[in-house]
Structure formats: C-alpha cells, structure tokens
Amino acid sequence: MAQVELIMPKMGESITEATILKWLKKEGDKVAVDEPVVEIATDKVDSEVPSTEAGVVVKLLYKEGDVVQIGKPFMIIETAGEDVAAPEPVHAGAAEMPTAQVAQHTLKTDNGEGRFYSPLVLNIASKEGISMSELETIPGTGKGNRVTKSDILNYLEKRASAKPKADTIEVATATRQPVAEPPTVLRQQSQQPVIQPSTEGNVEIVEMDRMRKLIAEHMVRSKQTSPHVTSFVEADVTNLVLWREKIKDKFFQREKEKITYTPLFIEAIVRALKDFPMINASVEGDKIIIKRYIHIGMATALPNGNLIVPVIKNADQLNLAGLAKQVNLLTANARANKLSPADIEGGTFTLSNVGTFGNLMGTPIINQPQLAVLATGAIKKKPVVIETPSGDAIAIRHMMFLSLSYDHRVIDGYLGGSFLRRVADYLEKFDLSRDI
C-alpha cells in the first residue's frame, strides 16, 4: 500500500489560495479517480476538486473554512500501489496555520456566532460596495446559512430594482469615499471640483452591471500599466475572400461547421507570432516572460452589449478545421453564458474583429498582462493600383485595415510594425488553390 498526497491544483493565473467550503469525503471513505472530494472557493469561482488517485482517504489536512495555498497538499489517500517511498511527514502546524488566515473571511453575526463568507462572495461584495453590516443581512442558502454566489447576485438584482428613480438618484462619485488610494491621488481629487452630471431634462441614468464595472476597471488598469502605441496597415485580402467563398459550402458539409474569417485571421496571427516570439510575452517587474505556448483570445460581444474574451488554448497546434470549431464553440458558449473560468484565462495574445460591426479600423486596448492586441476591420471592395507584367493597372480588390496596439515598454515601433506587416503578408499571400 502507498500513501499519496492530493495537491491543491492551480485555478487560474492570479489565484494563490483556496478556501475549503465542504469536504465531500471523510476519513475512511473510498474514492475513485476524478471523483470530487472537496468543495472550494476562490476569489473568482466556487468549484469542486476531483481526486487524482483511487484509494481510501487516510487524513484530511484541513478543516472546513481553512485556507489552502495553491500547490500544497490538502488530503492523504492510501492507494493499492507499492509503497516505494514514504510521504513526507505532515507537520502538526500545517493544518493549523491557515486557520489564522481565514479569520479575515469570518464575521460575527448579531447573535455572536461566526458566519463564513467565501473569497468569491467577499470579492463581489467589495466590488459592489456592500458593507460588512449589509452583508450580514443577506439570507444564505448554503451550509450553516452560508451566503452563496447565487444569494449575493440575487440580492444585488433585487437591490438594483428597488433603487429610487433617476430624479432622486445621487451620483456615486459624490457620496462614495475613496478606499486605500495613494495620498497623491487623493490630493489630485481634492484640487479638482466635483462635476455632477445634470439630471434635468430628458435624461436616463443607467447603473453599470457587474460585468461592465469589471470591464471598466480592466480597461483603466491596462491604460495605466502599458504605454499604448497603435500601428496600422492595409491588406489586400482578395485571395482569402475568394477562397472562402469557394470552399465554405464544402467545408460545412465535411466539418459540420461554418467557416468565418476569424479562424483565418487567427491562423495568420499564429504564424506571425512564431516569427516574432517577443510579441507573445508578458512583463513581470523588469523581466520579460516569453511564452512558448500560443493561447489566442478573441474578443466577443455579448447580446447585452458587454464584452468577454474566450481563449483558444494551444492555437498553434490546431489546423484550420480545429480553429473553426473552437471559434464557433467558444462564441456560442459565450453568448449562452456557458463559459467556464478556464475558458477565459491564460491568453497570450488577443484578436478583436471590429469589422464585425462594420468598422474600418480601431485602436484596441491591450488585454493585460499581454503585450499586444490586433484589430481587424471590415473587408471592403476598393479600386486599387496593382502591378501587372504589362504595367500598373486599377482593379477592384477586397481591402482591409489591420491595427496593432502594443506595449511600448517592451515593443518598439520596428518590432510592432514588422509583426503587423507579417500578419498582413500572410493574409495577402493566401493560396487560392489550397485544399480544406
């Protein structure tokens, strides 16, 4: 028999710890591979962690409510394998140390009993401006009256619908006090007069929903982090347009998938990223982290007007049919609100197809911590001067603008411009005789 430690898996790039919500197995229980053993909460999502081994639970290393660091063991399982190496001893303090850390997630109710709040619930409460006293009034449907994600979102929906009409709404910036901002920011604010928008006349005040607030924060943070530079090129994509028109019906019959321009754009981007790997990178302090994997995010507009960026993992390992299937699947799931946390994490480069809205070009904002984002404009027929063996001629061609916004801390004009030109070259030199 052998004893194996189950390790708390990585739940996302920015997540460093998870809180034990509920043990699904107790000591002495049998467990199968991929069977959920514990319910956890992070500041982004609540989820279950499956077992990576089959056997019998020997020891639970933490109590419900404890905080576990990512990469640390949380359970010991006895398996049927040979005990070739004894596991490292579990120190007595290992299960006790996180208890102090979880204190920040435990509040006292009116009757003096401790009430648990998961990091996800606390994060939502913080972003929505819910005070601790207000949080205590929210009824909980979880174990021990715990407030779940659904509870707090339902509360927010009811609170928003119960707000006074526009003529009595107070402007949030005039009433809400800044929290933990640097003194320099506070001084700047105090020197500037507070300008309140007028609510007189024919106006409407719309409260931002949670996703719009998160998008706003992300965009502002990106502009504050990266000095943005945007370069433009115009590409003749006539061959690409003619090829797609020629094969789209055959492609659908064979793959049972529609082929849009997006997978064709992604294919060209992947090839150019291999030529210029410095674009496929991020910055940590004064270090540049070049990614050897290529995960392409694609900005997707939702029916409610918000934006989300699902990610095609290892896009460089997919052929055109594989890219088309991933694009269609992620787009459908995004619009049906079926994306998982893993579907929107880990991107190394982003594509924004502003041509979908009929726009000729755009200056997109970098999706942190990436270094660049490319926007593709609408494809338009235009008269263009082309070179022929008998001399220059004017012809009607399918033309498209591409724009690349990039982080000038790392990418200078030569690198950014060369990469953008390379993407355009791959699109312009598309092989009309290519098989699907």
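1. Let's start with a term for later: patches are made of residues with over 30% relative accessible area and no salt bridge, where like charges are joined within 9 Å and nonpolar side chains (Val, Leu, Ile, Met, Phe, Trp, Tyr) within 5 Å. Here, a nonpolar surface patch of about 270 Å² is made by Phe232, Leu360 and Met361. Accessible areas come from the Shrake-Rupley method with a 1.4 Å probe, and for residues only the protein chains shown count as cover.

2. A quick word on what you're looking at: this is a predicted model, in which local features need pLDDT of at least 70 and side-chain atom pairs count only at pLDDT 80 or more, while totals for chains, interfaces and linings use all residues. Residues are numbered from 1 along each chain as its sequence is written, and side-chain values use heavy atoms, with hydrogens and water left out.

3. Now the overall build. The protein chain has eleven helices and 21 strands; these are DSSP runs numbered from the N terminus (helices are H or I with at least four residues, strands are E with at least two). Of its 436 residues, 40% are buried, where buried means under 20% relative accessible area, exposed over 50%, and partly exposed in between (1.4 Å probe, protein chains only). The accessible surface comes to about 24,600 Å², and carbon and sulfur atoms own 53% of that.

4. How does the chain touch itself? Take the contacts (heavy atoms within 4.5 Å) with a separation of 6 or more: 63% of them are between residues 24 or more positions apart.

5. On to the inside. A nonpolar core is a set of buried Ala, Val, Leu, Ile, Met, Phe, Trp, Tyr and Cys residues joined through side-chain atoms within 4.5 Å. The largest one holds 56 residues, and Phe349, Leu374, Leu402 and Phe419 touch the most other members. Helix H9 (residues 261–275) gives the most to this core, with nine residues. There is also a second, separate core of 19 residues, with Trp23, Val37, Ile40 and Phe74 among them.

6. Leu402 deserves a click in your viewer. Setting aside neighbours within four places in sequence, its contacts include Phe232, Leu374, Leu420 and Leu427.

7. Next, the charged pairs. The structure holds 17 salt bridges, each a side-chain nitrogen of Lys or Arg within 4 Å of a carboxyl oxygen of Asp or Glu. One of them joins Lys325 and Glu255 (3.4 Å, N to O). Lys325 is in helix H10 (residues 320–335) and Glu255 in helix H8 (residues 238–255), so this pair links distant parts of the chain, 70 residues apart. Lys325 is partly exposed at 36%, whereas Glu255 is buried at 16%.

8. Which parts does the Arg434 and Glu267 pair tie together? The two side chains meet in a salt bridge at 2.8 Å, N to O. Arg434 lies in the segment after helix H11 (413–428) and Glu267 in helix H9, so the bridge ties together parts 167 residues apart in sequence. Arg434 is partly exposed at 26%, while Glu267 is buried at 19%.

9. Finally, look at Asp286 and Lys287, whose closest N and O atoms are 3.9 Å apart in their salt bridge. Asp286 is exposed at 72%, and Lys287 is exposed at 53%. Elsewhere, Glu128, Glu207 and Lys213 are linked in a network of salt bridges.
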